[in-house]
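Please read the following report with the sequence and the model side by side, and look up each residue as it is mentioned.

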Amino acid sequence: MAQTRGFQLGRQFARWAPLASTALLWPTGPRGPRSRGIRRCSAEELRTPFPEIEARKTGNLVTVDGTHSLYYEVSGNPKGKVVLFLHGGPGDGSSPKHRRLFDPEVFCIVAFDQRGAGQSVGKKEFNTTEKLVQDIEQLRLHLGVESWELLVGGSWGSTLALAYSTRFPARVKAMVLYSIFIPSQASIEFPYSAAGAGLFFPEAHEAFAAAVDATGAQPGELLGRYAERLASEDTKVRNAARSAYLRWIMRLLSLEPDESIIEEVARNPEDAGDGLAIEMRYMANGCFVDADQLLEECKRIAHLPCAIVHGRNDLLCPPANAWRLRQRLPRAKLIFVPQAGHSSSLAPALRSEILKAIDGHR
């Protein structure tokens, strides 16, 4: 699916992500004024991902409630520090790209496809944040891991990381979170609102709303329309919604959206799979999370080493998400990356800061 709240752009977009990233402009030159946790990166400082590696172990885990089978994989050093990566979406699935965030000589890298995503399958009505939290704990026990020495999550993955760590604080030793998504009503509605991201692309937003007969509708109604059509049993209706959704959401991922690439992907809605429907179901239901309560529960993890990395020009999850989290985790290191949007696949400076933050836990 099109990556909207996470690291990757989706398996079907892997072929064009490197090409698209070359069109972006990245900050160089002398550093500007500095404040705690906010700095610029020169081109010479940019870190690149580690070489590709294969998973050394894969498996499928039937959830405790018996409604899903979850794909998981383990790679890297079997005696290394155990890190769990949580993908975005919801509904995106893990990718070989995620392994490349970690030094395979240092880390034992665990990743899994959340309910309904990637190679995981099950009944869509049994897919909520609470159940995903339970799944992570079940996976830990299944693998015989005493605690996750590092928990890494981007966008929706950061939300899930917070939900899990606040529930099981003794099972997490440190975190690196990026492209933060705090699922308040305002944060959920911003990307779909004419008064939010629509202010930057008013003509595209008008087409996005018109595609589901929701011109002038409030964000909540627009979300509901897309949730219904993306889950439709009618292939024509479902694919039309997928194409319209992709044309809109993909332009929010980077600073310079490439219209030719967006159109190429939108012309192949079948490639998006069911991930978009999963995401819209979550968004239409407030992500099954009380955002204020989630932030309140962060007091349970305030002692954990944590890095928060966020693109300064993120139009999908605005920087205020990262700032709200930092206020609840005063010991966390906050890094705002200038001239970077939401997707680290399309923002080398953002990806570099994520790699550096992870490297700090060697």
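The 15 residues of helix α3 should span 21 Å at 1.5 Å a residue, and because its end C-alpha atoms are 21 Å apart, the expectation and the model agree. The expected span used here is 1.5 Å times one less than the number of residues in the helix. Helices (H or I, at least four residues) and strands (E, at least two) are DSSP runs, numbered from the N terminus.

This is a predicted model, in which local features need pLDDT of at least 70 and side-chain atom pairs count only at pLDDT 80 or more, while totals for chains, interfaces and linings use all residues. Residues are numbered from 1 along each chain as its sequence is written, and side-chain values use heavy atoms, with hydrogens and water left out. The pLDDT, which is the predictor's confidence in each residue on a scale from 0 to 100, averages 90 over the protein, and 88% of the residues score at least 70. Over residues 6–38, however, the pLDDT is below 50, although this stretch has 98 contacts in the model beyond near neighbours in sequence; contact means heavy atoms within 4.5 Å.

**The protein as a whole**

The protein contains 13 helices and nine strands. Of its 362 residues, 59% count as buried, where buried means under 20% relative accessible area, exposed over 50%, and partly exposed in between (1.4 Å probe, protein chains only). Among contacts with a separation of 6 or more, 75% are made by residues 24 or more positions apart.

**Helix α3 and its surroundings**

The buried residues of α3 include Leu 132, Val 133, Ile 136 and Leu 139, and also Lys 131, Asp 135 and Glu 137. What covers the buried residues of this helix includes the strands β1 (57–62), β2 (68–76), β3 (81–86) and β4 (107–112), together with the helices α4 and α10 (275–284). After α3 comes Gly 144, which has a positive phi, near 70°.

Gln 138 lies in this helix, which covers residues 129–143, and the side chain of Gln 138 reaches the backbone oxygen of Val 62 at 2.8 Å. Arg 140 is also found in α3.

**Strand β7 between two partners**

In a regular strand the side chains alternate between the two faces of the sheet. Strand β7 (residues 175–178) is covered on both faces, with Met 175 and Leu 177 buried on one side and Val 176 and Tyr 178 buried on the other. Four bridges join β7 to the parallel strand β6 (residues 150–154), and the chain crosses from β6 to β7 through helix α4 (residues 156–167) in a right-handed β-α-β crossover. Four bridges also join β7 to β8, and these strands run parallel. Val 176 in β7 is the bridge partner of Val 152, and the bridge partner of Val 176 in β8 is Ala 307.

Conventions:
Polar contact = N/O pair within 3.5 Å; in protein donor to acceptor, adjacent residues only side chain to side chain. Pairing = 2+ DSSP bridges. Right-handed = clockwise from strand over helix to strand, strands pointing away.
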